[in-house]
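Please consider the sequence and the model shown below. The paragraphs that follow lead through the helices, the loops and the charged pairs in turn.

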Amino acid sequence: MPRAILPLVAMEKLLKKMGAERVSDPAKIAMREELEKIADSIGEKAVRFARHSKRKTIKPEDIRLAVR
């Protein structure tokens, strides 16, 4: 598996923010894996939108369009 980008502590913070009292390490890892898959998909789409607009820079609107 490629090296993870998102830190596990961030996964714990997100889940606790949602109301979890405790979060297991496997749950943190699963959350990170799923969020990184979603982020990869959004990133790929955003890059396509920017390239289609003949830009090298990803802009907020590219991300928002990619999420739709």
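Ala20 is found in the loop between α1 (8–17) and α2 (25–52); helices here are DSSP runs of H or I with at least four residues, numbered from the N terminus. With a relative accessible area of 29%, Ala20 is partly exposed, a class that lies between buried (under 20% relative accessible area) and exposed (over 50%), computed with a 1.4 Å probe and protein chains only. Ala20 and Leu6 are 14 residues apart in sequence, and their C-alpha atoms are 19 Å apart in space.

The model is predicted: local features need pLDDT of at least 70 and side-chain atom pairs count only at pLDDT 80 or more, whereas totals for chains, interfaces and linings use all residues. Residues are numbered from 1 along each chain as its sequence is written, and side-chain values use heavy atoms, with hydrogens and water left out.

Helix α2 has 28 residues and reaches 41 Å from its first C-alpha to its last. This is close to the 40 Å expected at 1.5 Å a residue, where the expected span is 1.5 Å times one less than the number of residues. Within α2, Lys28, Arg32, Glu36, Ala46 and Ala50 are buried. The buried residues of α2 pack against α1 and α3, contact being defined as heavy atoms within 4.5 Å. Just after α2, Lys54 takes a positive phi of about 60°.

The charged side chains come next. Side chains of opposite charge can pair when their charged atoms come close. The structure holds five salt bridges, each a side-chain nitrogen of Lys or Arg within 4 Å of a carboxyl oxygen of Asp or Glu. Glu12 forms one of them with Lys16, the closest N and O atoms being 3.4 Å apart. Both residues lie in helix α1, four residues apart, about one turn of the helix. An α-helix has 3.6 residues a turn, so residues three or four places apart point the same way. Lys16 is partly exposed at a relative accessible area of 39%, and Glu12 is also partly exposed, at 21%.

Which residue of α2 pairs with Glu12? Lys28 forms a salt bridge with Glu12, and their closest N and O atoms are 3.2 Å apart. Because Lys28 lies in helix α2 and Glu12 in helix α1, the pair ties together parts that are 16 residues apart in sequence. Lys28 is buried, with a relative accessible area of 10%. Glu12, Lys16, Asp25 and Lys28 are linked in a network of salt bridges.

Another salt bridge joins the side chains of Lys37 and Glu34, at 3.2 Å from N to O. Both lie in helix α2, three residues apart, about one turn of the helix. Lys37 counts as exposed at 52% relative accessibility, whereas Glu34 counts as partly exposed at 43%.

Leu14 lies in helix α1 and counts as partly exposed at 36% relative accessibility. The C-alpha atoms of Leu14 and Thr57 are separated by 29 Å, the two residues being 43 apart along the chain. Ile58 lies in the loop between α2 and α3 (60–67) and, at 37% relative accessibility, counts as partly exposed. Together with Ile63 and Val67, Ile58 makes a nonpolar surface patch of about 240 Å². Such patches are made of residues with over 30% relative accessible area and no salt bridge; like charges are joined within 9 Å, and nonpolar side chains (Val, Leu, Ile, Met, Phe, Trp, Tyr) within 5 Å. Accessible areas come from the Shrake-Rupley method with a 1.4 Å probe, and for residues only the protein chains shown count as cover.

Methods: Helix = DSSP H or I, 4+ residues; strand = E, 2+ residues; numbered from the N terminus.
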